[in-house]
Amino acid sequence: MLRIGICDDEIAFGCQLETYLEEYSRKENIEIDVKVFISGEEYLQFMDKEPALDILFLDIELGKEVNGVIVGSIMRSDLTNESTQIVYVSSKESYAMQLFQNRPMDFLVKPIKSEDIEKIMNQYKRLFSNSKNFFEFHVGKASYRICTDEVIFFQCSGKKVVIRTNKGQNEYYGGMEGVIKQIDSGKFWNIHKSYVVNVNYVSEFHSDKVIMTTGDELPISRASKKNVQEKLLKMSMSRRRYQ
């Protein structure tokens with residue numbers, strides 16, 4: 001699912017843009033979640049609490065104090081968010097040099113048409129949808145994104161989530177429920193209330209534990225045992241089918 005933001009103080013324009021996105025979603029059979037913000041301050045408050053969006057359609061002429069250029073600068077510099085692709089929207093064409101430092105994906109001039117949105121979304125698909133999936137998390141006000149192919153397992157320890165990757169380790173404040181919402185359940189298996197493992201890094205399955213390619217031995221809880229066994233059976237049947 002693509003998480004898309006519209007930040008524009010013209011309510012009518014925001015509604016029209018949302019309609020174009022929904023039309024594209026139905027046409028291309030892509031699930032989207034659109035969030036609309038009417039000020040830069042509102043969007044920055046959202047960013048401070050929620051995972052980064054995939055795409056943000058950002059009006060340049062927002063409020064006098066926090067316009068679109070400032071929002072983009074805060075995203076990239078203060079919040080170190082490089083994952084959200086910014087599409088600037090304006091009724092003027094004279095902002096190109098000011099926007100360059102915020103590394104936008106594209107720039108649209110109002111009024112826009114449905115073809116403009118289709119072009120932007122196809123561009124995003126071409127550049128990013130065919131890339132590897134990412135897991136997003138926050139540390140303070142900073143947003144981070146890790147390629148899920150690099151994740152070996154997630155561990156929930158108290159109020160923190162530890163992400164073990166083949167490049168090292170990261171941690172942030174959160175819970176396992178937030179992890180499960182983002183991951184692909186076909187590739188990541190919930191073997192215990194404290195562990196979710198990337199099945200591609202499991203070298204051995206036992207009745208009560210898994211052994212990872214790193215040598216880590218992680219427990220399979222009684223509550224998760226049946227689900228793990230069912231997944232193993234499906235995996236075995238699938239492999240036989242293609243042999």
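# Briefing on a predicted protein model

A search of the whole structure finds 0 disulfides, a disulfide being a pair of cysteine sulfur atoms within 2.5 Å. Cysteine 7 is accordingly in no disulfide, and the nearest cysteine sulfur, that of cysteine 15, is 14 Å away. The model is predicted, so that local features need pLDDT of at least 70 and side-chain atom pairs count only at pLDDT 80 or more, while totals for chains, interfaces and linings use all residues. Residues are numbered from 1 along each chain as its sequence is written, and side-chain values use heavy atoms, with hydrogens and water left out.

**Overall architecture**

- The secondary structure of the protein chain comes to 7 helices and 15 strands, where helices (H or I, at least four residues) and strands (E, at least two) are DSSP runs numbered from the N terminus.
- Along its principal axes, the C-alpha trace of the protein chain spans about 65 × 40 × 25 Å.
- Of the 243 residues of the protein chain, 43% count as buried; buried means under 20% relative accessible area, exposed means over 50%, and partly exposed lies in between, with a 1.4 Å probe and protein chains only.
- Among contacts in the protein chain with a separation of 6 or more, 53% are accounted for by residues 24 or more positions apart, a contact meaning heavy atoms within 4.5 Å.

**Largest pocket**

- About 1100 Å³ of space lies in the largest pocket, and this volume is the space filled by probe spheres set on grid points that are joined across faces, edges and corners.
- The 39 residues that line the largest pocket include Met1, Asp54, Phe134, Glu136 and Gln182, which are the closest to its centre.
- On a 1 Å grid over the protein atoms alone, a pocket is an open set of points where a 1.4 Å probe fits, with protein on both sides within 12 Å along at least five of seven lines, and lining residues have an atom within 4 Å of a point.
- Strand 1 (2–7), strand 2 (32–37), helix 2 (40–49), helix 5 (114–129), strand 6 (134–139), strand 10 (168–173) and helix 6 (176–182) each supply at least two residues of this lining, and strand 6 gives the largest share, 5 residues.
- By class, the lining of the largest pocket has 16 nonpolar, 10 polar and 13 charged residues, with Ala, Val, Leu, Ile, Met, Phe, Trp, Tyr, Cys and Pro counted as nonpolar, Asp, Glu, Lys and Arg as charged, and the others, Gly among them, as polar.

**Nonpolar cores**

- Within the largest nonpolar core, of 22 residues, Ile4, Leu17, Leu21, Phe57, Leu108, Ile117 and Met121 touch the most other members; such a core is a set of buried Ala, Val, Leu, Ile, Met, Phe, Trp, Tyr and Cys residues joined through side-chain atoms within 4.5 Å.
- Two or more residues of this core come from each of strand 1, helix 1 (11–28), strand 2, strand 3 (55–59), strand 4 (85–90) and helix 5, and helix 1 gives the largest share, 5 residues.
- Leucine 21 touches Ile4, Ile6, Ile32, Val34, Phe57, Ile117 and Met121, when residues up to four places away in sequence are not counted.
- Another core, of 19 residues, lies apart from the largest one, and Phe37, Leu58, Val66 and Val71 are among its members.

**Cysteines and their accessibility**

- Cysteine 7 counts as buried because its relative accessibility is 0%.
- Cysteine 156 likewise counts as buried, because its relative accessibility is 16%.

**Loop residues and backbone geometry**

- A cis peptide bond, with omega about -5°, joins lysine 110 and proline 111, and proline 111 has its place in the loop between strand 5 (106–109) and helix 5.
- Asparagine 29, in the loop between helix 1 and strand 2, has a phi near 55°, a positive value in a residue other than glycine, and counts as exposed because its relative accessibility is 71%.
- Arginine 103, in the loop between helix 4 (96–100) and strand 5, has a phi near 50°, which is a positive value in a residue other than glycine, and counts as partly exposed at 41% relative accessibility.
- Glycine 158 lies in the loop between strand 8 (151–157) and strand 9 (160–165) and, at 65% relative accessibility, counts as exposed.
- Serine 221, placed in the loop between strand 15 (217–219) and helix 7 (222–241), counts as buried at 16% relative accessibility, and touches Ile191 and His192 when residues up to four places away in sequence are not counted.
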